[in-house]
Amino acid sequence: MNQFDLQAKLISRDVIRETPSGTPVVDFRVQYDGEISEAGFKRLVKLSIDCVAIGDLSAKVSKIALGSEVGLTGFLANRGKNYFSIKYHVQDIVIGKK
């Protein structure tokens with residue numbers, strides 16, 4: 001199963017665009033800073049990840065203030081057919097903790 005949940009901060013966002021078929025899409029980036037327990041040790045983790053919201057969700061993302069804490073649910077996929085880096089395809093987003 002490819003489901004990914006993340007609590008992070010919205011740090012950047014593009015303007016909404018449309019696919020050739022007219023579907024609204026917005027690209028954005030989130031950042032996570034926190035402490036994780038791994039193998040009994042505490043580890044500081046800092047990461048940022050490129051995200052995309054498609055359809056009605058793109059309007060919701062475009063209204064969230066930069067710097068807001070958001071809870072995200074979605075899946076990870078390659079950026080495109082010829083790319084090997086990942087993009088987080090967000091299927092649900094809430095402001096604050098999820």
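What share of the 98 residues in the protein chain is buried?

1. Buried residues account for 30% of the 98 residues in the protein chain. The model is a predicted one.

2. The protein chain has 1 helix and 6 strands. Read from the N terminus, their order is β-β-β-β-α-β-β.

3. Along the principal axes, the C-alpha atoms of the protein chain fill a box of roughly 50 × 30 × 20 Å. Of the contacts in the protein chain with a separation of 6 or more, 54% are between residues 24 or more positions apart.

4. Strand β3 covers residues 24-38 and pairs with strand β1, residues 4-13, in the antiparallel sense over 4 bridges. Arg29 in β3 stands opposite Ser12.

5. Strand β2, residues 17-18, also runs antiparallel to β3, and 2 bridges join them. Arg17 has Val25 in β3 as its bridge partner. These two strands, β2 and β3, form a hairpin with 5 residues between them. Gly22, in the turn, has a positive phi of about 95 degrees.

6. Strand β4, residues 41-54, pairs with β3 over 14 bridges, again in the antiparallel sense. Asp27 has Val52 in β4 as its bridge partner. The hairpin of β3 and β4 has 2 residues between the strands, and Ala39 there takes a positive phi near 55 degrees.

7. The accessible surface of the protein chain is about 6500 Å², and carbon and sulfur atoms contribute 54% of that surface. The protein chain carries 14 positive and 11 negative charges, whose mean positions lie 2 Å apart.

Key: Residues are numbered from 1 along each chain as its sequence is written. This is a predicted model: local features need pLDDT of at least 70, side-chain atom pairs count only at pLDDT 80 or more; totals for chains, interfaces and linings use all residues. Side-chain values use heavy atoms; hydrogens and water are left out. Buried means under 20% relative accessible area, exposed over 50%, partly exposed in between (1.4 Å probe, protein chains only). Contact means heavy atoms within 4.5 Å. Accessible areas come from the Shrake-Rupley method with a 1.4 Å probe; for residues, only the protein chains shown count as cover. Lys and Arg count as positive and Asp and Glu as negative; His and the chain ends are not counted. The place of a charge is taken as NZ of Lys, CZ of Arg, CG of Asp or CD of Glu. Two strands pair if DSSP finds at least two bridges between them.
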